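Subject: Structure for your review

Dear colleague,

Please find below the structure that I am handing over to you. My findings follow directly after it, and I would ask you to read them with the model open.

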Amino acid sequence: MNEKQKELLKKAAVIVLSLFFIFYVSYQVYLTSFEKVETETALEKTVNNSLFTTGFFVREEEYIVNSASGTVIPVAQDGKKVSSGDTVAVAFGSDSSVESYMRTELLKAELERYTKLNSITPSSGIDADALDSSIGSAISDLVDKIDANDIGNLSSNYAALRDSVTKKQLILGADINFQDIIDGINSELEMLEGRKLDHETINATGSGYYIANVDGYENAFDYKNVKSILPEQVDALLKGEKEEVADDVMGKLVTGFNWYIVCKLEIEDIAELEVNSFVTVDFPYSSTEALKAQVVAVNVSGADTAAVVLRCNVMDEELANMRIEDIEIIFNSVTGFRVPANAVREVDGVKGVYILRSNSVTFREINIVWTSDEYVICKDDEIKLYDEIITKGKDLYDGKAIN
């Protein structure tokens, strides 16, 4: 390449770079002048006005004491009411007796199941839509258990799904006969029930809710004085050690109809807790459903903390076995439109948001009923479901056109 060609190549390169620079600058000016806005779709959301803490469950409990030896099998369901003298457990003196008993109970349950299924026909009057709903719920529960890695409870969820699907087949006319299975179960039951089991019965010593397990906290606090508990006593319960339970304890009875959740709160957190008012107690780390509770005491000690006593009267298997549990105390729930906090503007002393509708900006006044750092909940205002709320934009005003 001679000198003349090199010179021409340099001039061409300069021209290309100059054109690129002009194009780049022009493009940046275009981007700067272009009206850019960012939006978020208005959707409904429900939030709880609540606080989280740790609760200690205080119940009126008494041990069931029995000198029976061997393997103890509960026969009464946890959290179910029993009367004095009812059999709550059976103690077996040998492994073979335990196996025979467990097999007998399993077969009895299977016999009841297959007998019910065998009686279903298209004329049984079973609602097909209700069955479809049951199947959907069973599938959902099964998926939830799998997602939660709750493998131990999969069998009951699978059984519920299996039976609902079978019932649907039967009411649609499927020819399924369970009589051979029923005959086989009856035959095995007759054989098992003919065996003599080495066992002793354990009976309830009074009336109340039966609980098979004991945890050593049964006598941690005097049930009769629970309404007078102080914050430092709640601390002691939450940090306290369990007592050693004697070998002859075979379970316990909750004899009081009411039971209590005690917790410690900071003074600034008790403003909405009025004695005799009702709150909802939820269990964020348990599958137990939320329950209604009454505030029966708010006991202040010093200037910083208070002990709160919540009274409940619902009992089931899960609640019966709770002692120290993370809880959410819900004062009330609020439903409205979720609006990002950075979208809230104040125009002429009025709080509102800018909405983008058909490339036009519209200002809408809002009524904020709940606030957090990230978003607010507003209701009874002019926002509509699926409105596009402007979260970012320059020089916004009512009626402005967006290109």
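There are 16 salt bridges in this structure, which is a predicted model. Side chains of opposite charge can pair when their charged atoms come close. Three of these pairs are described here.

May I begin with Glu61, which takes part in two of them? With Arg59, Glu61 forms a salt bridge whose closest N and O atoms are 2.9 Å apart. With Lys252, Glu61 forms another, and here the closest N and O atoms are 3.4 Å apart. Glu61 belongs to strand E3 (residues 61-65) and Lys252 to strand E9 (residues 249-254), so this pair ties together parts that are 191 residues apart in sequence.

Are these residues buried or exposed? Glu61 and Lys252 are both buried. For Glu61 the relative accessible area is 11%, and buried means a value under 20%. Arg59 is buried as well, with a relative accessible area of 3%.

Glu112 and Lys116 are both found in helix H2 (residues 95-118), four residues apart, which is about one turn of the helix. Their side chains meet in a salt bridge, with 3.4 Å from N to O. Glu112 counts as partly exposed because its relative accessibility is 47%, whereas Lys116, at 52%, counts as exposed. Elsewhere, salt bridges that share partners join Arg59, Glu61, Asp215, Glu218, Lys252 and Arg323 into one network.

I turn next to two helices. How do the axes of helix H3 (residues 128-147) and helix H4 (residues 154-171) cross? They come within 9 Å of each other and cross at roughly 155 degrees. An angle over 145 degrees counts as roughly antiparallel, so H3 is roughly antiparallel to H4. The crossing in which H3 passes H4 is left-handed.

Which residues make the nonpolar patch of about 310 Å²? The patch is made by Leu43, Leu385 and Tyr386. Of these residues, Tyr386 is located in the loop between strand E19 (375-378) and strand E20 (388-392). Tyr386 counts as exposed because its relative accessibility is 56%, and the cut-off for exposed is over 50%.

Yours sincerely,

A colleague

Notes:
Residues numbered from 1 in each chain as written. Predicted model: local features only at pLDDT ≥ 70, side-chain atom pairs only at ≥ 80, totals over all residues. Heavy atoms only, no water. Patch = residues over 30% accessible without salt bridge, like charges linked within 9 Å, V, L, I, M, F, W, Y side chains within 5 Å. Areas by Shrake-Rupley, 256 points an atom, 1.4 Å probe, with all protein chains shown as cover. Salt bridge = Lys/Arg side-chain N within 4 Å of Asp/Glu carboxyl O. Buried < 20%, exposed > 50% of the residue type's maximum accessible area, 1.4 Å probe, protein only. Axes fitted to C-alpha atoms, helices over the stretch in contact; angles between N-to-C directions. Parallel < 35°, antiparallel > 145°, perpendicular 65-115°, else oblique. Left-handed = near helix turned anticlockwise from the far one by under 90°.
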